[in-house]
Amino acid sequence: MKIKTHFLLATALIFTGALNAQLFVSKATIEYEMKANIQKTMGNGSWMDMIKDVLPTFKTGYFTLTFADNKSVYKFDHWDGKVKLPEFLTKSDEENVWYYNYDAAKFNMQKSVWGSNFTIEDSIPVLEWRVTNENRIIAGFNCRKAVAKIFDSVYVFAFYTDEITIPGGPCSINGLPGTILGVTIPRLFTSWIATKVMVNEVKENEIKPIAAKKNYTLKFLKSTVYNQFKDWIVEDNNDEEKQQKNRYIWTILL
Amino acid sequence: MHKTSTLLTCIFFLSVSSFAQLSKVSGSVNDPNENKPVQNAVIALLIPKDSILYKFTRSSTEGKYTLSNVKPGKYILMTTHPYFADILEDVEIKGDVEFPPLALLSKMKILQEVIVKTGKPIQIKGDTTVYTADSFKVSANANVEELLRKLPGIQVDKDGKIKAMGETVEKVLVDGEEFFGDDPGMAVKNLRADAVKEVQVFDKKSDQAEFTGIDDGKTQKTINLKLKEDKKKGYFGKIDAAGGLQKTIDDRYNDNLLFSSFKGKRKLSGFLLNGNTNQDGLSWQDEQKYGGQDENFSMSMDDEGELNFMWRGNTIDDEPNVDPQNGYITNVNAGAQYSNKWNDKRSLNFSPKYNSQRYTNHRQTFSQTQLGDSALIENSDLVTNVNRHNFKLRGMYDIKIDSMNTLKITANSNFYHTESEETRTAISTGNTGTLKNSTNRFLQTASDKSALSGNIIFRHKFKTARRTLSVTADWNSLNTDGTNFLKSFNQAYLDGNPAGNQQLNQFKDYDRSTKNISSKVVYTEPLGKKYSLQLGYQLSFNNGNNDQLTYSYSPISLKYDFMVDSLSNQFKQNILQNIPSAKFNFSTKKLKINVGAGVGFTSFDLKDITYNKDYNRKYTNFFPSASLNYSYKSNRNLRLNYDGNTTQPTINQLQPLRNNNDYFNQYIGNPALKPSFTNSFNLSHQSYNFIKDVFSYQDLQVRLTNNSITNNRIINIDSGKTITQPINTNGNLSVNWYSYFGFKFKKIDTRFNIGPSFGYNKYADFINSTKTFSTTVNPGVSLWLQKAKEKKYDFSIENNFAYNSNNTSQNNTKVHYYTNTMSFYGTVYSKKVWSLINEYRFFSRQKTPQFNSNLNSHIWNVRLQRTFKQNEFTAYFVIRDLLNQNIGVERNFYNNTFIQETNDRIRRYFLVGFTWDFKNKGAKAK
């Protein structure tokens, strides 16, 4: 219901503003619903099976992308309230923050890995997007579909709208001529979909880089992650564990 | 030569110039109806081949745009704007170019009621053709493309283009989701045919029509692949046979047969293990694959999202623990497991297991007990033969009634039949070698035991988040029925001269049973976001019988028909317990506190029917607890824990069954015992840094016991006869500190762990009614390092050093010694199929006045293996204990007594074995 009101507001704005600059959203807060199939991402084994037995299938969380002046902050907002999940499944979602400055082509993110926080600062990597002719409406906005491949082999399916001007999106998925309102990464069993676009009362003071004593580069993060996971040796024929290991790495790098 | 260099120069210049010749593309967009420039239109350049986005920009207020640094070439110029129709143009860019103004055509925007699409599967409407995938045969590893070729009405051409009913398929959905984009080939090439349940072919309305409800008549031929719920179906298993002919000892053999089949959620597995290499049950890895869930483990998640692991030991069947390292064991283990799950709501697990064990051991024990200035030395020799059969049956049924209610029922039964024989000879002397006593004993036992238990857990969640109710009911019973024959000859000495002896030839018939029933209700109430309160009430009732009849052998009747009253008894016991409890939780992201307490009201009634005595006791036990968890930084955590625990005396401590199996070492009860109360404090800190890959952990534990139940040993210094009686005492204290620091040395790619530790233990007991304190101080350090390279090698070295200093107030002597264990583990892999595994352990213990030499042992095991056919077959050669030094000697010091034990060990042996790991194609071992 809320979504509708917001959209009607937006529509009203569009009509009153006719075809002037107000038609485009360049300052707003977008709420995304993230849904991840934790039963599928956790891997197997009798230990994991026992944990799965007491957990729900999905974890559903709400994140916000707040942006103005071609700068944005994406971070956790709240969980869908029904069940509290164990910390090892929620901590990194709650702690991770992404700051992008598209004018300067720089970004800055705080990552939490197994309870350890650190900050990355680098120029924005360019994703190779294949633009398609498919359209779909998300949160009242007409979106065009684009496909990219990240980490060499992981497909990302995104829907972006040119009505919202910042080339951002959830996590580090961005670089399209408009804002991404829907993303699916099948190999991570995770999808993001915008549920609200709020153009009023945007907390602009929250859009700032993460203050940290030390910033690492993306290259450093990658080499650290691969170096640490090198010790997790998977047998040649154990595809399931290989995928599991990859999912860990991708989730850290995303 | 000259020509070439010119050519090279040319190429160089050309490449430089092409590099430098980046173009600037500019232009403008306008709305011809309003005759105004259009702002914010997206102008993008796409690469024609695969429509990859190359560059994009937006038009300014004047409708102008510029794209700079464009490589020359062919592009698609895409212009989009929400209220104008998209324009796609093929352009070629050579040098800076300004495109003529672009007129955008207004697009009618249909603004019906807003529909928010949230990624639900697309509803299939209209005529749909459904193919059931399994009814079309394809080869084992076929992909979906191959399956589609088999379906009538569907053609796949050589380029992978799919046609259904003559029309080109434009979309392939997987479970209604457009995971694979609009390249239909991608889905069908990447998915296995056996993962698909149904292939649905239908005409999908255009997106526009679907969202607005207005049919624009446009349709797309679409295939939806409906996946099977769980594509897992198949079997896997392992056959492993190993044997070795030995010269000096029995031939060693070990055979394993394991099999598992599964179909979706249904799993059926079985195993048969047979051997005499002291393999005790399934290995950890095999347990995972074939054994199903560990029956002693259970897991639950509380309302704060904390996972709780529960481990129930094997205490209920009271079976003595056999260390498989000692003695010789011949084992047959067989088991099966069936589990199934329906609709993710009901699950059933059923597993029968059988074990037959023949165990033989010869143990020599030397013990020295300090008694003031003198000492009591005992040398004994025990030969044990056990033949045991065990049958276990476990069932579990779990129902998720609805999202609010769950019910779990578990039933266990465990039957043992044991026959054993024990021959023991022992000689006790004083420290000067004066003979004190000697014993010869033969004990033959046959017993049947059954342990049954049932458990029901019901959990209810209320509509208010975090408000829950759980009701648990437990029932268990333990029955032991047995007989034994005791033949013993006990000789006492005085000043080295024989002084009376005792000869026994008795038969005992015993029957023990306990039944326990208890139920617990726990209710959790959230008090706002940060607080919650937990209230609980437990009620339990325990009822037991303990009957023992002892008969002496009569040389006249040649039968065991003379009842020995002093060794026959009949006990009955009833214990009723009420435990109300309350717990208060506070939880924020950084700080978690909980404080709680329970009070146990116990009424204890023990009837000695033989002597018509009644022991009635009423205890009030207090169980306070508190914990604090403070994450003061993202990766640093401090935890403080307090537990207060009351332990009430066991029946055996109050009034044990009279037992004369060991004449010179007897145990008697103490009806005046009070419960003991232990305060435990635990302070721990941990930190972790992912970037630096450093982990550290510190832990301090303090335990202080009031009224601790320890023993008073009344030792007759002349005969060496020891009578042990439990007694309450104060002053027991233990302090233990443990720390751990782990990091990786990146330069040499090696992982290190360092763990210093420290322990202080003060233990009070009584010898001849004199309070004695034994104090042990043991600082130590452990070091571990590991270096591995995938498919090349894997090495680790561990060293544990501990220094022990013991002090007993009995004779004010100090004993100190060190122990050190060095282990090396190394595997070298070669050519993907060979591996050589070495395990080496060197244990060293410094000599003490009681033992005149250091105790050293080197254990070295080697395994060489080669795999065939991608690990399907493995041939191996094993040498256990290459140096033949597994002598099984252990030394120990506690309270006032030094003990050295020597057990039988399987010494050096060789095995040649062969393993076949099999599975059907596509099956994945869990």
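Which strands of chain B form a hairpin, and how many residues lie between them?

Reply: This is a predicted model, in which local features need pLDDT of at least 70 and side-chain atom pairs count only at pLDDT 80 or more, while totals for chains, interfaces and linings use all residues. Residues are numbered from 1 along each chain as its sequence is written, and chains are lettered from A and ligands numbered from 1 in the order in which they are written.

The hairpin is made by β6(B) and β7(B), with two residues between them. Helices (H or I, at least four residues) and strands (E, at least two) are DSSP runs, numbered from the N terminus. Strand β6 of chain B covers residues 73-81 and strand β7 of chain B covers residues 84-93. The two run antiparallel and are joined by eight bridges; strands pair if DSSP finds at least two bridges between them. B:His81 stands opposite B:Phe84 in β7(B).

Chain B as a whole has six helices and 49 strands.

As for confidence, pLDDT is the predictor's score for each residue, from 0 to 100. Chain B averages 84, and 89% of the residues score at least 70. In chain B, the mean is highest in strand β36 (residues 694-706), at 95, and lowest in helix α4 (residues 207-212), at 45. Where pLDDT is low, the predicted coordinates should not be read in detail.
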